[in-house]
Amino acid sequence: YSNIHIDVNYSINNYSNGLPMDFSFDFWLTKYKDETVITLDDVEFMIWLYSDNNLTPAGDYVGDIIIPIYINGTLVNNTWKIMYQKPRYRWAYVAYVSNIPLKNNEIKIDIIPFINKTLQIVINDSDGRVNDSD
């Protein structure tokens, strides 16, 4: 796939100070078309654009990745912190947290680099349960 983008213009304000909050996108990579329940070895990944009051995603820090995004029309090489939670329950979880707190912006994100990195992480850690053809 190519050219799958999120394009959003938003402003986060007027919420109760002190309460933890985040603004993120949640995606699921599933093994079967038209899946209605999450099954073993499905993958959830999130793109966190903003969070405050020490709210962080689940998982362990596994590194950083630079994925460019458009911020207010300007292409920026943004650094994303990667959090990974092994599939302890029924699915694996990967979160990408923006190095820049994106609170009031017009953002355009190509999600393909996030999908590719997510698959790389999960496939390398799956003990053969998940492969490219899955």
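**View 1. Asn78 within strand S5.** Strands are DSSP runs of E, at least two residues in length, numbered from the N terminus. By that rule, Asn78 belongs to strand S5, which covers residues 74-85. The model shown here and in the other views is a predicted one. Is Asn78 buried or exposed? Its relative accessibility is 1%, and buried means under 20%, so Asn78 counts as buried. Which residues touch Asn78, once neighbours within four places in sequence are set aside? They are Ile65, Ile66, Ile67, Pro68, Ile69, Ser98, Asn99, Ile100 and Leu102.

**View 2. Asn72 in the loop between S4 and S5.** Asn72 sits in the loop that lies between these two strands. Its relative accessible area is 48%. That value falls between the 20% and 50% cut-offs, so Asn72 is partly exposed. Beyond its neighbours within four places in sequence, Asn72 is in contact with Asn105 and Glu106. The side chains of Asn72 and Asn105 are joined by a polar contact of 3.3 Å. Asn9 and Asn72 are 63 residues apart in sequence, yet their C-alpha atoms are 8.7 Å apart in space.

**View 3. Strand S6 and its two partners.** Strand S6 is mostly covered, with seven of its eight residues buried. Which way does S6 run against S3? The two strands are parallel, and seven bridges pair them. Trp48 stands opposite Val97 of S6. S5 and S6 run antiparallel, joined by six bridges. Here Gln85 has Tyr93, in S6, as its bridge partner.

**View 4. The largest nonpolar core.** In soluble globular proteins, nonpolar side chains tend to be buried together. In this model, the largest nonpolar core holds 31 residues. Which of them have the most contacts inside the core? They are Ile47, Trp80, Tyr96 and Ile109. Elements giving two or more residues to this core include strands S1 (5-11), S2 (21-29), S3 (42-52) and S4 (60-71).

**View 5. Tyr96 and its contacts.** Tyr96 is among the residues with the most contacts inside the largest core. What does Tyr96 touch, not counting residues up to four places away in sequence? Its contacts include Phe45, Met46, Ile47 and Trp48. Ile65, Trp80, Lys81 and Ile82 also touch Tyr96. So do Phe114, Lys117, Thr118 and Ile121.

Note on methods. Residues numbered from 1 in each chain as written. Predicted model: local features only at pLDDT ≥ 70, side-chain atom pairs only at ≥ 80, totals over all residues. Heavy atoms only, no water. Helix = DSSP H or I, 4+ residues; strand = E, 2+ residues; numbered from the N terminus. Buried < 20%, exposed > 50% of the residue type's maximum accessible area, 1.4 Å probe, protein only. Contact = heavy atoms within 4.5 Å. Core = buried A, V, L, I, M, F, W, Y, C linked by side-chain atoms within 4.5 Å. Polar contact = N/O pair within 3.5 Å; in protein donor to acceptor, adjacent residues only side chain to side chain. Pairing = 2+ DSSP bridges.
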